[in-house]
Amino acid sequence: MNSPKLQLCPVTGNFFTFETERKPEFQNMKTERSILVADSGSTKTAWFYGNRFNRMNFTTIGANPFFRQTTDLVQEWRNIQIEQLKGKVSVVYFYAAGVVNDEKGAIIRNALKFFFPDARIHVQSDLMAAARGTLGNNS
């Protein structure tokens, strides 16, 4: 097992640690006020799931809405960790390349709503994640 790495959450600006070789295990997780954050490009999506009891991160294939549709995102996410989080997330922040307008954001938002119908879902450009990571909530 590698030593813990320090990561910056693009939403809150807070640092957190995780063990780099730890595999996500979502069974029996407590789900009080949980958050799911994703940073997606065309080739890879980095995910962070956390609450005050558990913290996990994992990667999946990219979700650029110029190249993906809601149906294929749902189909793909059914077969990976996202399905295991169904009903366990209260808020989602998804930042992606290609989210240039509401129409493109809706492709991702609708896929996320399939898994998290009761969650507050925020889909924005990856440029917003970069700005929040740099400036925090100051501007």
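Visitor: What should I know about the model first?
Guide: It is predicted: local features need pLDDT of at least 70, side-chain atom pairs count only at pLDDT 80 or more, and totals for chains, interfaces and linings use all residues. Residues are numbered from 1 along each chain as its sequence is written, and side-chain values use heavy atoms, with hydrogens and water left out.

Visitor: Which order do the elements run in from the N terminus?
Guide: β-β-β-β-β-α-α-β-α-β-α. Helices (H or I, at least four residues) and strands (E, at least two) are DSSP runs, numbered from the N terminus.

Visitor: How many residues are in the largest nonpolar core?
Guide: It has 25. Such a core is a set of buried (under 20% relative accessible area, 1.4 Å probe, protein chains only) Ala, Val, Leu, Ile, Met, Phe, Trp, Tyr and Cys residues joined through side-chain atoms within 4.5 Å. Those with the most contacts inside it are W47, W77, V92, F94, L112 and F116.

Visitor: Which element gives the largest share of this core?
Guide: α3 (102–115), with five residues.

Visitor: And what is L112 in contact with?
Guide: Leaving aside neighbours within four places in sequence, L112 is in contact (heavy atoms within 4.5 Å) with W47, W77, V92, F94, I121 and V123.

Visitor: Surface now. Is F67 buried or exposed?
Guide: F67 counts as exposed (over 50%), because its relative accessibility is 63%. F67 is found in the loop between β5 (55–61) and α1 (70–78).
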